[in-house]
Amino acid sequence: MTGISIHVWTSAFGVLGNIVSFMVFLSPLPTFYSIYKKKSTEGYQAIPYVVALFSCLLWIYYALLMPQSNLIFIITINTIGCFIETIYVGIYLFYAPKKARVQTVKMLLLLVVGGFGAMVLVIQFLFKGAVRGQIVGWICLVFSVCTFAAPLCILRKVIKTKSVEYMPFFLSFFLTLNAVMWFFYGLLKRDKIVAIPNILGFIFGILQMILYVVYNKKEKNVIKEQKLRELQNHVIISDEQKKLPQLTEEQIIDIVKLGAIVYSEKFNARGTEAAKVENMPKLQTVDV
């Protein structure tokens, strides 16, 4: 490929990467809309959003230290990511109970202010030139690998529970697509720090989607079987309710005796009434 075509393809993957990453950043919106409506964080944790904020800051710092690579698309999407994640953390702090709010503030101070701030100071004062970019790049690479490896816990949970409740398909799909875009962007830029972590992201994304398809099908079959069993039980219960009660031999004899007594009493009553009618004095007729 010529230099112009490489530049065009790099820009294309950079733009597409920005678009897909933006959609991934917006994926928690339903969660925060629910928090806003219920005025409560309902047990949600702020860890993913604080970590995402730290990751965005890391990549911006790395891109700024590598001016020769012209990683403008890394800077743009991570700046947007910082803004969005800051809003998420702010909403969480506003609606979280006191204990969760204190923990979130501690995490922000430890990871974002203390961790990122200390790293910048150390690198700026102890290292010079291209070494700075290399060190921050390797930190970004290790952190990204850990971030992409985090879904292993979810994969294990899916296999153990045989349920895909905690692994939305579209989120897995967009994360996989995101990894593809940034892999090709890093490959065309000849930047292994950008490309290598996204290979892992692509592999884990594919695994998530395969597991989703497999266990979602099994889960639907289980639900169908449960509904079929419930329907069969309902029919059996209905049939049993319609059946006459089973009587013992003694109960049948008692019912027959009771019927005989009732019949005899009615018969005697009718005989008595007939006798009374016969004993009544007859009317004499007068011939005119």
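1. A quick term before we start: helices here are DSSP runs of H or I with at least four residues, numbered from the N terminus. With that naming, Arg190 sits in the loop between α8 and α9, the latter covering 192-242. Keep in mind as you look around that this is a predicted model.

2. Let's stay with Arg190 for a moment. Its phi is positive, about 55°, even though Arg190 is not a glycine. You'll find this residue just after α8. Is Arg190 buried or exposed? Exposed counts as over 50% relative accessible area, and Arg190 has 79% relative accessibility, so it goes down as exposed.

3. Where does Lys39 lie? In the loop between α2 (29-38) and α3 (47-65). Lys39 has a relative accessible area of 46%, so it counts as partly exposed.

4. Now for α8 itself, which runs over residues 169-188. The helix has 20 residues, and its first and last C-alpha atoms are 29 Å apart, close to the 28 Å expected at 1.5 Å a residue. Several of its residues are buried, among them Ser172, Thr176, Ala179, Trp182 and Tyr185. Asn178, Met181 and Gly186 in α8 are buried as well.

5. On to α4, residues 72-95. How far apart are its end C-alpha atoms? They are 35 Å apart, which agrees with the 34 Å that 24 residues should span at 1.5 Å a residue.

6. Last, the pairing of α5 (residues 98-126) with α6 (residues 130-149). These two helices pack at an angle of about 150°, and their axes are 10 Å apart. Angles over 145 degrees count as roughly antiparallel, so that is how α5 runs relative to α6. Their crossing is right-handed.

7. Which residues make that contact? From α5 come Met119, Ile123 and Gln124, and they meet Arg132, Ile135, Val136 and Ile139 in α6. Sorted by class, the contact of α5 with α6 has 5 nonpolar, 1 polar and 1 charged residues.

Note on methods. Residues are numbered from 1 along each chain as its sequence is written. This is a predicted model: local features need pLDDT of at least 70, side-chain atom pairs count only at pLDDT 80 or more; totals for chains, interfaces and linings use all residues. Side-chain values use heavy atoms; hydrogens and water are left out. Axes are lines fitted to C-alpha atoms, for helices over the stretch in contact, and angles run from 0 to 180 degrees between N-to-C directions. Angles under 35 degrees count as roughly parallel, over 145 as roughly antiparallel, 65 to 115 as roughly perpendicular and the rest as oblique. A crossing is left-handed if the near helix is turned anticlockwise from the far one by less than a right angle, and right-handed if clockwise. Contact means heavy atoms within 4.5 Å. Ala, Val, Leu, Ile, Met, Phe, Trp, Tyr, Cys and Pro count as nonpolar, Asp, Glu, Lys and Arg as charged, and the others, Gly among them, as polar. The expected span of a helix is 1.5 Å times one less than its number of residues. Buried means under 20% relative accessible area, exposed over 50%, partly exposed in between (1.4 Å probe, protein chains only).
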